[in-house]
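This report describes selected features of one protein model, covering its salt bridges and its sheets.

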Amino acid sequence: MIYTPRNKGARRVAMAIHNHEGIPMKRVRKLFATFITALLLAGLGVVFTSSPALANGCTIPPCGEVINHSGQTIQIRWYVDGQGWHQESLANGQARGGYYHDGADVDQFYVPLGCVGKVSVNDNGVTYFPGNWDKLGDFQTVTVNGFSCGDGYVYAWNNIWNDDNYATAVCRWYNDDSTWGDDCGNFRNKAGAVQNNSAHGNSINFYFHTNYTGAWGCLGAGSVWRDLRYNYFSWGARPGWVRQGLEK
């Protein structure tokens with residue numbers, strides 16, 4: 001990877017953010033679990049109801065919960081069958097979701113574009129989530145501690161981010177790195193998502209080979225590729241034009 005100042009003529013490839021509006025797989029799994037639970041309870045003669053706002057609330061603990069310690073109001077949402085996404089504002093110092101809290105099952109929270117979210121998952125230290133809507137796992141309590149925008153780092157995650165998937169590991173590095181973060185596991189050609197948090201508006205190039213060689217793809221400042229199956233090493237000199245996906 002190399003910053004564009006060394007490649008002033010580098011072309012940018014289109015940003016690809018895929019955030020499908022279909023029913024998340026998480027919801028499909030929960031619908032099945034709810035159906036089985038309903039059958040069991042029906043056999044016992046038990047009747048249960050839920051309020052409209054929590055029509056798809058938490059039925060199997062612990063479920064998704066967001067705690068906001070960011071110092072500002074954030075946006076959260078979850079999917080309601082037959083209605084689509086239900087979105088709410090969550091004030092600083094407040095929490096939403098979780099079986100043992102209010103019964104909501106929060107699916108996602110929003111990180112401003114051009115920023116990463118500084119979060120802790122189940123109180124296991126600080127990690128980073130990319131810009132846009134980020135998925136929570138079924139068993140995750142996510143504490144949002146703040147946002148980092150234009151911090152000069154390049155971020156890479158070990159999985160794609162969409163309505164059905166989320167990453168479990170992140171690597172970040174500052175300035176040029178010929179092996180995509182060799183100080184934190186070498187993510188070269190292994191990442192599922194990447195983000196450019198340039199502090200000076202610089203685009204970056206991701207190279208297929210080490211030492212800034214081979215085909216490359218360009219990511220603009222403040223941009224994120226959340227699903228690298230749809231991004232390519234589209235430029236650079238190799239025998240013929242290369243369209244090798246960034247994710248191998």
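## Asp227 and its partner

Asp227 is buried, with a relative accessible area of 2%; here buried means under 20% relative accessible area, exposed means over 50%, and partly exposed lies in between, for a 1.4 Å probe and protein chains only. The side chain of Asp227 meets that of Arg229 in a salt bridge of 2.7 Å, N to O. A salt bridge is defined as a side-chain nitrogen of Lys or Arg within 4 Å of a carboxyl oxygen of Asp or Glu.

## Basis of the model

This is a predicted model, in which local features need pLDDT of at least 70 and side-chain atom pairs count only at pLDDT 80 or more, while totals for chains, interfaces and linings use all residues. Residues are numbered from 1 along each chain as its sequence is written, and side-chain values use heavy atoms, with hydrogens and water left out.

## Further salt bridges

The count of salt bridges comes to four. One of them joins Arg226 to Asp134, with the closest N and O atoms 3.0 Å apart. This pair links distant parts of the chain, 92 residues apart: Arg226 lies in the loop between strand E16 (224–225) and strand E17 (232–233), and Asp134 lies in strand E9. Strands (E, at least two residues) and helices (H or I, at least four residues) are DSSP runs, numbered from the N terminus. Both partners are buried, Arg226 with a relative accessible area of 2% and Asp134 at 0% relative accessibility.

Another salt bridge brings together the side chains of Glu88 and Arg96, at 2.9 Å from N to O. Arg96 counts as buried at 17% relative accessibility.

Strand E6 (residues 108–111) and E9 run antiparallel and are joined by four bridges; two strands pair if DSSP finds at least two bridges between them. These strands belong to an open sheet of four strands in the order E4-E3-E6-E9, with antiparallel pairing. Its edge strands are E4 and strand E9 (132–135), each of which pairs on one side only. From one strand to the next, the twist averages 30 degrees, with axes taken as lines fitted to C-alpha atoms (for helices over the stretch in contact) and angles running from 0 to 180 degrees between N-to-C directions.

Strand E3 (residues 74–80) and strand E4 (residues 84–90) run antiparallel and are joined by seven bridges. Tyr79 has Trp85 in E4 as its bridge partner. The hairpin of E3 and E4 has three residues between the strands, and in this hairpin Gly82 takes a positive phi near 80 degrees.

## The five-stranded sheet

A further open sheet has five strands in the order E5-E2-E10-E7-E8, and its pairing is mixed. Strand E5 (95–97) and strand E8 (126–129) form the edges, each pairing on one side only. The twist of this sheet averages 30 degrees from one strand to the next.

Within this sheet, strand E7 (residues 115–121) pairs with strand E10 (residues 141–149) in the antiparallel sense over seven bridges. Ser120 stands opposite Thr143 in E10.
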